[in-house]
Amino acid sequence: MSTYSENIRKVTTHRLIEMKKRGEKISMLTAYDYSMAKLIDAAGMDVILVGDSASNVMAGNYTTLPMTLNQMIYHGAAVTKAVKRAHVVVDMPFGSYQGNSREALASAIRIMKETYADSVKMEGGSEIRESVERILSAGIPVMGHLGLMPQSINKYGTYTVRAKEESEANKLIEDALLLQEIGCFAIVLEKIPAELAERVAKELTIPIIGIGAGGGVDGQVLVMHDMLGFDRHFSPRFLRRYANLSDIITEAVQHYIKDVKSQDFPNETEQY
Ligand code: KIV
């Protein structure tokens, strides 16, 4: 397990592409606040995603749609303050780039100016081509996002696996090639068959980061709250839990309540 000390070299888009070239897998995890971002960065994460999944895990919404640009900027700015090494990418929220490319650029500029992030992430392929191109032309790196795109949940009606049908798989491959051609530095593929994801990763030269897309891609991303086990009821097939924080936190909080009630806390050494 690598951790950093001195001589910290920031993870750039160029370094991520180099990692793919030499077959080094890319680790990516979400973070939404200063304290967690600090721990995740110090642990050696390559990419930290300030995801619009903040809508679900931070704000308690059922979808990512309610997230606003101001809210993403709030989370993004908190994360970048803590991060020394990881590449920080901030999700462009629903409604901040689909309208037209001018609005999209204005939203991306606000994210870059007000959060100090390294790049932005956008959901979609050919439909958002103009917006992606305009943002790229301003020198802002863009990470694409294809497959299950949570901002389109009302179109799909379900969070099940995407691109199982040939026509949707073909469209996904075309979109991935298009995003690479116009200059995206990486693409997230969410919840698609592993075989399809591996094919895309092999055909493209930019890194493909999967979530529920199997092991044949160039890196993996998970939502931090899911992999740390904040919600013991959320257990999709693709998720591996690395901790059971819901039990650990509940136990600690109950212990504290008990100590307060019994007047065990504070004791003589815990007062002035
Ligand atoms: O918002 C998010 O957390 C994401 C990941 C699921 C990739 O986009």
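1. Arg-129 and Glu-133 are four residues apart in helix H6 (residues 129-137), which means that about one helical turn separates them. Helices here are DSSP runs of H or I with at least four residues, numbered from the N terminus. The two side chains form a salt bridge, with the closest N and O atoms 3.3 Å apart; the term requires a side-chain nitrogen of Lys or Arg within 4 Å of a carboxyl oxygen of Asp or Glu. Arg-129 is partly exposed at 33% relative accessibility, and Glu-133 is partly exposed at 32%. Buried stands for under 20% relative accessible area, exposed for over 50%, and partly exposed for values in between (1.4 Å probe, protein chains only).

2. A note on the basis of these values. The model is predicted, so local features need pLDDT of at least 70 and side-chain atom pairs count only at pLDDT 80 or more, while totals for chains, interfaces and linings use all residues. Residues are numbered from 1 along each chain as its sequence is written, and side-chain values use heavy atoms, with hydrogens and water left out.

3. Asp-175 is buried, at 7% relative accessibility, whereas Lys-171 is partly exposed, at 30%. Glu-127 joins Lys-171 and Asp-175 in a network of salt bridges.

4. Arg-232 and Asp-247 form a salt bridge whose closest N and O atoms are 2.7 Å apart. Arg-232 sits in the loop between helix H10 (224-227) and helix H11 (245-261), and Asp-247 in helix H11, so the pair ties together parts 15 residues apart in sequence. Both ends are partly exposed: Arg-232 has 47% relative accessibility and Asp-247 has 32%.

5. The pairs above are among the 14 salt bridges found in a search of the whole structure. Side chains of opposite charge can pair when their charged atoms come close.

6. Thr-115 belongs to helix H5 (residues 101-115) and is buried, at 0% relative accessibility. A polar atom of the Thr-115 side chain lies 3.0 Å from the backbone nitrogen of Ala-117. Leaving aside residues up to four places away in sequence, Thr-115 touches Ile-73, Gly-76, Ala-77, Thr-80, Val-90 and Arg-110; touching, or contact, means heavy atoms within 4.5 Å.

Conventions. Helices (H or I, at least four residues) and strands (E, at least two) are DSSP runs, numbered from the N terminus. A polar contact is a pair of N or O atoms within 3.5 Å; within protein, one must be able to donate a hydrogen and the other to accept it, and residues adjacent in sequence count only if both atoms are side-chain atoms.
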